[in-house]
Amino acid sequence: MDVSHILDSLNTEQREAVTAEPGPLLIQAGAGSGKTRVLTHRIAWLNQVENVSPFGILAVTFTNKAAGEMRARVEELLGSPIGPMWVGTFHGLSHRFLRMHWKEAKLPQTFQILDSEDQRRLVQRAIRGLALDETQWPPRNAMWYINNKKDEGLRPQHIRDDDDPTEQQMIRIYQAYENACQLAGAVDFAELLLRSLETLRDNDELLQHYQNRFQHLLVDEFQDTNSIQYAWLQLLAGEKGNVFAVGDDDQSIYGWRGAKVENILNFEHDFPATKVIRLERNYRSTGNILNAANALIEYNEDRLGKNLWTDIGDGDLITFYSAHNEGDEARFIIERIMEHVHLGGARAEAAILYRSNAQSRAIEEELIRSGIPYRVYGGLRFFERMEIKDALAYLRLISLSDDDVSFERVVNQPPRGIGDKTLSQIRTVATDANVSLWHACAEILTANALKGRASTAVTAFMKLIMQLRKETEGMSLDQMISHVIEHSGLLAHYKKDRTEKGEARVENLQELVGAAMDPPDLPEDMPDMTVLDAFLSNAALEAGERQGDEWEDCVQLMTLHSAKGLEFPMVFMTGMEQGLFPSKRSIEESGKVEEERRLCYVGITRAEKKLYLSMAEHRRLYGRDHFNTASKFISEIPAELLQEIRPRMHVTRPMAAPPAIKRSKIREDNSTGLTVGQRVKHSKFGEGVVTDYEGQGSHARVYVNFEEVGSKWLVMAYANLEVMHIA
Ligand code: ATP
Ligand code: MG
């Protein structure tokens, strides 16, 4: 059989790994050295050369996206579908296992998966069932406790309470929650893994079957496996120990979530006679990028140590841009992307990375303003996020009590005891009388048609909205939003959630206040519009703007964490500021900066050809002003690899001047009906010349250089421009 297509494109060490004899094998190698590539080629090798049936192969990785890519690459190599091969994430594969063996797992056939919100509610119910005070035992904390224990493989009966009353109470909550789950036939995320581990462990026959079936187990991103995932692998591998693990200790970035980089060290011990292979040649990045990454990670003391080299050539220097503020930073990035596109590059080749989710807002705003399609990978766009929609719903309701959609959204958010029954009563009255829900509430209350508790709750809600309306009168937009998120109870509600998600939500809410400090311009021809109206409709437009389709050429936005394993020709690492990245918290807690540095290493090593690092000297984030110095990581990159670009002088005007290349380009996406060079007249600004345009449909905008007032971007839909014809 001709297997040259499997081995041709591999170097000696990679070949050695791909063709290794069965048995435990650990690839401990740096970023871009071909670990994932070796893993997929190994699968092809096993199947086509060693004649291992697809039935006998299980490959696991970290994210759904990575699993999807792995599947596609294997199919390409095999030239056929993967069939019965198991390729997926730990959660995905556990789920598959439990669906097949629900009986042995003691689950109902139709068991449901709980998302984190469902889980919180069920934990809350358990707490109430124990007649505990929720303020003293917040459901979020208990949920966090339970998930941690499950990730450690611990059931309530396994936990030692050490006579600690808090621990004892937590164990009771855990037990009550577990009973509730079992009763409801519900399984949370951590349970997927724990339950399938236990089911395998406690059913000899099943275990034998799967140990025999899966001749080969392959794991990518091994450095980020947690205790239970590791135990699951060990169990499935059994005596023969055919585990092919690939990882990089320098890219371990989920320690805060229970990942154990020690698993790499334990591996050789737990799987005797492990073959260890190192890959040192990097195929992804230019020399300058790679040297920057190598130099940076050297600052970490706690590492296994390795060095990467490349013969791709030095390539461009790394560009460092210190912007005046976050808007300036975003515009700098967008101009670079536009230049890249003008030179024939694709937008999808550019990835914009940031440390925390809330940072995407300023970037998204400029992308939308410039009409550049983008996709937020692994998350929602800013204005689509749950907590932002909650806050906006309050604002809308304050501005218009008849807004039923907003009413529905926040009437019981944060929870205030208005249940489904009461709500459906309100809805019926509203439908029958053809009035808004707000109106219906008033009627029901007047008619005394609600029971005691419900009546109190609804009254309190209406009072709250009216009170907020009164209190915020005359406030500036940012004061108003800040007031509303606080006094509506939203902020406190999300603060209770101590998970990463909860923290991101609080940050996003604070960022919304920040967004309001810089309110949108009022459309010139709509004098009646208030700043709040303009802000809300802006938000609606931004949320409504379609997320780029799969096939559309989009700029990629994502957090540094979700960039793991991916590669892009052009990478922007934003917010390179002390206190943001590395984060303030990591600076304060000892030993935490190393994980931040690994994250920085992950970011740098995503870049193939061009890497941009940027910071904002003044950043408004979470509604606060920060005056920043450059991240210490910048100073850890050898200066000779960096090229610093100074900001331009004009930063107050958006897109101070459209890049020259855009002006000369004939574009087919012109939906303004105007052409560059055309003379136009505006009722207020007088006469001017069109120098650029962008956007589609209702978002179409033109850039006009007015004789009297200089250049301005105008929204076509509002501008009412008169076209001047040459006589
Ligand atoms: P990461 O640590 O970021 O996950 P990795 O070690 O998994 O990286 P891969 O993504 O497998 O690295 O490979 C990086 C890039 O180098 C890919 O584009 C891959 O196709 C290419 N590559 C790997 N090995 C070779 C090779 N022998 N010849 C040519 N290209 C290669
Ligand atoms: Mg990889």
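Mentor: Strand β9 (residues 318–325) runs parallel to strand β14 (residues 607–621), and six bridges join the two. Strands here are DSSP runs of E with at least two residues, helices runs of H or I with at least four, both numbered from the N terminus; strands pair if DSSP finds at least two bridges between them. This is a predicted model, in which local features need pLDDT of at least 70 and side-chain atom pairs pLDDT 80 or more, while totals for chains, interfaces and linings use all residues. Residues are numbered from 1 along each chain as written, chains are lettered from A and ligands numbered from 1 in the order written, and side-chain values use heavy atoms, without hydrogens or water.

As for the ligand site, 18 residues surround ligand 1 (a heavy atom within 4 Å). Lys35, Arg37, Gln251, Glu567 and Arg606 are the closest. Helix α3 (residues 35–48) gives the most to this shell, with three residues. One nitrogen atom of ligand 1 lies 2.8 Å from a side-chain N or O atom of Gln14, and an oxygen atom of the ligand lies 2.8 Å from a side-chain N or O atom of Arg284.

How values were computed. Polar contact = N/O pair within 3.5 Å; in protein donor to acceptor, adjacent residues only side chain to side chain. Buried < 20%, exposed > 50% of the residue type's maximum accessible area, 1.4 Å probe, protein only.
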